Amino acid sequence: MTVLVLGGAGYIGSHAVEMLHAVGYDVAVVDNLVTGHKEALPEVIRFYEGDVRDREFMREVFKKEKHIEGVMHFCAYSLVSESMEKPMKYFDNNVGGCISILEIMQEFNVKHIVFSSTAATFGIPESSPISEKTPQKPINPYGESKLMMEKMMDWQSKATDMTYVALRYFNVAGASDDGHIGEAHNPETHLIPIILQVALGKRDNVTIYGDDYKTPDGTCIRDYIDMEDLIDAHIKALEYLKAGGKSDQFNLGSAHGYSNLEVLNAARKVTGKEIPSKIGPRRPGDPDELVADASKAGHVLKWKAEHGLEHIIEKAWNWHLNHPNGF
Ligand code: UFG
């Protein structure tokens, strides 16, 4: 039986492909390579290059892959600031892609889907940590598009016998254990890879966006989740659905928040580099603190984050050292 990984050449998707393959699943991948890298895929994996919104292409994939038991859906645009400038790009790709996938799954009677949602669906939460009961009020088109995808899955699961799990990631970071795949965005906007590019000498310094937030050191607090832990949750979610589990949503994080300065200091410790930094203005749309209450995933999926911030940075550093220019 096959797991079809949509967006399998991207940062998170490629780690899912690798771990699924390593634990013995038969894996096939769809990716349009707009932000993904074919080099991130093991050669043994069946790969289909195309866009999930292209229904004819997707029908061909589902015809060729006769034994799809579940879909993991990672393909989406995910830059918050870009989504503010080009909202239709995000709704077209993220929501449009999701409609196509759900239609084709129904046409080919594929029953289970695990998909990437995000803490961005919560917007600026009234309280922390954030549980599944926290109201979802996105403040940017990216988060809105993911919330729409959650709702579409939910309605489809009510109308058909399809079941889904939405995994709302907090801040994903890290890389594969041996450092041969990792984070390679262009442009890079995320804190940990930017800090590590400074450590490598590829940037002069990192600007910390704002030190006047309502947090102990004034910089934003985020909850970092290790890539391996994240993919482990996807595999557990797929197994849960295959075992008859009902459709559900889970917040995924470590339940531990780190301020941006704490992340910077942890990276200085791991790399042994000075990593020059400066304080800049706030970045629009950044909430003070985003920390997950992941206890529901613990109870239902028997999942918990095993790895802490230093481990995450060590893995990411290993990848950056081996691939200073990305793939
Ligand atoms: N930051 C800096 N300097 C930088 C880059 C980031 O200070 O050069 C700060 C940000 O302002 C923020 C923190 O580091 O306070 C983390 O920022 P990231 O861009 O690494 O991550 P975000 O928390 O903005 O975004 C992540 C995911 C998004 C998702 C969001 C959910 O990458 O896809 O969490 O809130 F939408």
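User: Let's start with strand pairing. Which residue is the bridge partner of V71 in β5?
Analyst: V71 has I113 as its bridge partner in β5. Strands here are DSSP E runs of at least two residues and helices are H or I runs of at least four, numbered from the N terminus.

User: And is this an experimental or a predicted model?
Analyst: This is a predicted model, where local features need pLDDT of at least 70, side-chain atom pairs count only at pLDDT 80 or more, and totals for chains, interfaces and linings use all residues. Residues are numbered from 1 along each chain as its sequence is written, and side-chain values use heavy atoms, with hydrogens and water left out.

User: Which strand does β5 pair with over seven bridges?
Analyst: That's β6, residues 163-169, in the parallel sense. Within that pairing, F115 stands opposite A166. The chain gets from β5 to β6 through helix α5 (residues 141-159), a right-handed β-α-β crossover. Right-handed means that, with the strands pointing away from the viewer, the path from the first strand over the helix to the second runs clockwise. β5 also pairs in the parallel sense with β4 (residues 68-73), over three bridges; pairing takes at least two DSSP bridges between two strands.

User: How many residues of β5 are buried?
Analyst: Seven of its seven, along residues 112-118. Buried means under 20% relative accessible area, exposed over 50%, partly exposed in between, using a 1.4 Å probe and protein chains only. H112, V114, S116 and T118 sit on one side, with I113, F115 and S117 on the other. In a regular strand, side chains alternate between the two faces of the sheet.

User: Switching topic: where is S131 found?
Analyst: In the loop between β5 and α5. S131 counts as buried because its relative accessible area is 17%. A polar atom of its side chain lies 3.0 Å from the backbone nitrogen of K133.

User: Now the ligand. How many residues surround it?
Analyst: There are 21, and the closest are H190, L191, T207, R283 and D286. Being near takes a heavy atom within 4 Å.

User: What gives the most to that shell?
Analyst: β8 does, with three residues.

Key:
Polar contact = N/O pair within 3.5 Å; in protein donor to acceptor, adjacent residues only side chain to side chain.
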